[in-house]
Amino acid sequence: MRPALVVHGGAWDIPGVAVDACRAGCRRALEAGHRVLDAGGAAMDAVEAAIVVLEEDPVFDAGFGSHLNLRGRVQLDAILMEGETLNAGAVAAVERVRNPIRLARRVLEASRHVLLVGEGAEEFAREQGMPLCRPEELVTESQRAAWQVCREAGHDSAAHFAREHGTVGAVAIDVAGRIAAGTSTGGTCCKYPGRVGDSPLIGCGCYADNEAGGAASTGWGEAIMKIVMAKTAIDWLREGHEPQEVADRAIRLLRERVEGTGGLILVDRQGRIGASFSTPHMAHGYRNANGEFVVFP
């Protein structure tokens, strides 16, 4: 099996001043993931490595630099799923974890649960020996300024470069045919405290099954949840449909059935990639058959 990896940095109206940063961030994520895959490593390791890079990049709405909620705090969600046993680990509404994808993996490997939230997730992190950060360490000056604009004048998507919601994600298949998928997000700007979208929910934010493929969603979470978009896409892959056809069909369903916007990346069990979105842009990338990184927009 030839390994494959596809990553995304969210589907939104990316302004010209942010295009280069989005491309560079996706490329760094691809490089980190493929270092794992090219050395014969596991898909789950590659997905985690790629998402950590995206969480550390403030141009994306995940980890450091995420949107602030109504109270001016960052609350983060993430999930990691592997396709051999269908095991998954997820966290939601955490405020003191810089890389929630790493905590999601610990939930997958060291907990009998699938999803932990808030203080309970942070307590589990301490038990696992993971360092916690101060909440203010996740906040950038630009996001604080955007939050202040929304607080004083009402919500203004322009203050966030029209990035009202976003997610980062990755899907990989390794040389052994193992598939993994993951997502991480700061959620929507000015969201109600405790709001959780699609990202950490199995079948919504992502899904992975070695028998069919893996998928990761991004976009308006409330709509994505209604159609269980990632699992729906994987079911279509299982029926034998082409990856690009499936991605396009899922985004069409999102638009026509629940009037949602967003994007989807996926990899099937043969390592073929699909990507589709209904927003002006989606930051995403993969490595083509010639071994070259292809990054959009």
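Which residue lies over the face of tryptophan 236? Arginine 249 does, at 3.9 Å from the ring centre, and a charge is said to sit over a ring if NZ of Lys or CZ of Arg is within 6 Å of the ring centre and within 35 degrees of the ring normal. The charged end of arginine 144 likewise sits over the ring of tryptophan 147, 5.4 Å from its centre.

This is a predicted model, in which local features need pLDDT of at least 70 and side-chain atom pairs count only at pLDDT 80 or more, while totals for chains, interfaces and linings use all residues. Residues are numbered from 1 along each chain as its sequence is written, and side-chain values use heavy atoms, with hydrogens and water left out.

We turn now to the sheet. Eight strands form an open sheet with mixed pairing, in the order β4-β3-β2-β6-β5-β1-β11-β12; helices (H or I, at least four residues) and strands (E, at least two) are DSSP runs numbered from the N terminus, and two strands pair if DSSP finds at least two bridges between them. At the edges stand β4 (115-117) and β12 (293-296), each with a single partner strand, so one side of each is left without a neighbour in the sheet. From one strand to the next, the twist averages 10°, where axes are lines fitted to C-alpha atoms, for helices over the stretch in contact, and angles run from 0 to 180 degrees between N-to-C directions. Within this sheet, β5 (residues 168-173) and β6 (residues 179-185) pair in the antiparallel sense over six bridges, and valine 171 has alanine 181 in β6 as its bridge partner.

Two helices pack on the sheet, contact meaning heavy atoms within 4.5 Å. Helix α2 (residues 43-55) touches β1 (4-12), β2 (76-82), β5 and β6, and its direction makes about 160° with that of β5. Helix α3 (residues 100-110) touches β2, β3 (88-94), β4 and β6, and the direction of α3 makes about 50° with that of β2.

Another antiparallel pairing joins β9 (residues 262-268) and β10 (residues 273-277) over five bridges, with leucine 266 standing opposite glycine 274 in β10. This hairpin has four residues between the strands, and glycine 271 takes a positive phi near 85° there.

In the loop between β6 and β7 (206-209) is serine 199, which is buried with a relative accessible area of 3%; buried means under 20% relative accessible area, exposed over 50%, and partly exposed in between (1.4 Å probe, protein chains only). Not counting residues up to four places away in sequence, serine 199 touches Ile79, Thr167, Thr183, Thr185 and Gly205.

A search of the whole structure finds one aromatic pair, for which rings of Phe, Tyr and Trp (its six-membered ring) must have centres within 6.5 Å, with planes under 30 degrees apart counted as stacked, over 60 as edge-to-face and the rest as tilted. The pair consists of tyrosine 286 and phenylalanine 296 and is tilted, at 6.4 Å centre to centre and 35° between the planes. Because tyrosine 286 lies in β11 (residues 281-287) and phenylalanine 296 in β12, the pair ties together parts that are 10 residues apart in sequence. Zero disulfides are found in the whole structure, a disulfide being a pair of cysteine sulfur atoms within 2.5 Å. For cysteine 26, the nearest cysteine sulfur, that of cysteine 22, is 6.7 Å away, and cysteine 26 is buried, with a relative accessible area of 0%.
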